[in-house]
Amino acid sequence: MSQHPEIRKLKHFNAPSVHGNRLWKSTWLLMDYLHRRGLPKDVRVMEVGCGWGLLGIYCAKKYGVKVTSVDVDPEVIPYLKLHARINEVDIATVRKDFDGLRTKHLQKIDVLIGADICFWDTLVKPLKNLILRALRARVKQVLISDPGRPPFEEVAEYFISKKGGEILDWTAQRPRRSEGRILKIGNMTNLRS
Ligand SMILES: C[S@@+](CC[C@H](N)C(=O)[O-])C[C@H]1O[C@@H](n2cnc3c(N)ncnc32)[C@H](O)[C@@H]1O
């Protein structure tokens, strides 16, 4: 995918600097999870740390749900827009970091998703606080996938012990093989259908 001529063209002008320079394999984990578990109609999804945005694009294309994709790095947005155009979906984009997503933004969504977004120790506190704000804003489900890096595990342990979170060891074969962990907080059954 990185070698596609359209992507190579974009690389001349847009250089993501916080690891949003490619599609990360944890995206396949959540795509596979959603493929197996489904997503109710009419839910509003927010993908945080979206990078090239494929996970949110998958939700919009496969389930026709409304998706807002958020990233701190504006340089990822042209890559997301290209993929959204190719997949013929509309995705709202917002440039914010985890701390910038406040209750007023989170009240407008039902599901918060993110793939490989807790890769530095400095991201533990902002991600933990974002999830806590999301739960207080009555977001019904939070799903975060990761290869199993220590900062992610720290966030996961907190939500397992304090907020009824679950950790799932997950292997996806399609669309690409990927192995890792999914932190799941809340339940799809509480979602509007
Ligand atoms: C490893 S990449 C993963 C991208 C995408 N989710 C994927 O799976 O391909 C991490 C992404 O998180 C974004 N990011 C890093 N720190 C962030 C923060 N504090 N708030 C929002 N996004 C952040 C980066 O810009 C980057 O796009």
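This is a predicted model: local features need pLDDT of at least 70, side-chain atom pairs count only at pLDDT 80 or more; totals for chains, interfaces and linings use all residues.

Biologist: What makes β2 and β3 a pair of strands?

Modeller: Two strands pair if at least two bridges are found between them. β2 (residues 66-71) and β3 have four bridges, in the parallel sense, so they pass that cut-off.

Biologist: And which strands does β1 pair with?

Modeller: β1 runs parallel to β2, with five bridges joining them, and it also pairs with β4 in the parallel sense over three bridges. Take Val45: it stands opposite Val67 in β2 and opposite Val111 in β4.

Biologist: Why is the crossover from β1 to β2 called right-handed?

Modeller: The chain goes from β1 through helix α3 (residues 54-63) to β2. Look with the strands pointing away from you: the path over the helix runs clockwise, which is why the name is right-handed.

Biologist: How do you know that β1 is mostly covered?

Modeller: Count its buried residues: four of the five in β1 (residues 44-48) are buried. A residue is called buried because 20 or more other C-beta atoms lie within 10 Å of its own.

Biologist: What makes β3 and β6 edge strands?

Modeller: The open sheet has seven strands in the order β3-β2-β1-β4-β5-β7-β6, with mixed pairing. β3 (92-95) and β6 (166-172) each pair on one side only, and that's what we call an edge. From one strand to the next, the twist averages 20°.

Biologist: What packs on the sheet, and which strands does it touch?

Modeller: That's α7, which touches β5, β6 and β7. Its direction makes about 35° with that of β7.

Biologist: Why do we say that the buried residues of α6 are on the same side?

Modeller: Those residues are Leu127, Leu130, Ile131, Ala134 and Leu135. They cover an arc of only 135° around the axis, so they sit on the same side of α6. An α-helix has 3.6 residues a turn, so residues three or four places apart point the same way.

Biologist: What do they pack against?

Modeller: The buried residues of α6 pack against α5, β4, β5, α7 and β7.

Note on methods
Residues are numbered from 1 along each chain as its sequence is written. A residue is buried if 20 or more other C-beta atoms lie within 10 Å of its own, exposed if 12 or fewer, and partly exposed in between; C-beta atoms are placed from the backbone. Helices (H or I, at least four residues) and strands (E, at least two) are DSSP runs, numbered from the N terminus. The arc is that of the directions from the helix axis to the C-beta atoms. Two residues are in contact if their C-beta atoms, placed from the backbone, lie within 7 Å. Axes are lines fitted to C-alpha atoms, for helices over the stretch in contact, and angles run from 0 to 180 degrees between N-to-C directions.
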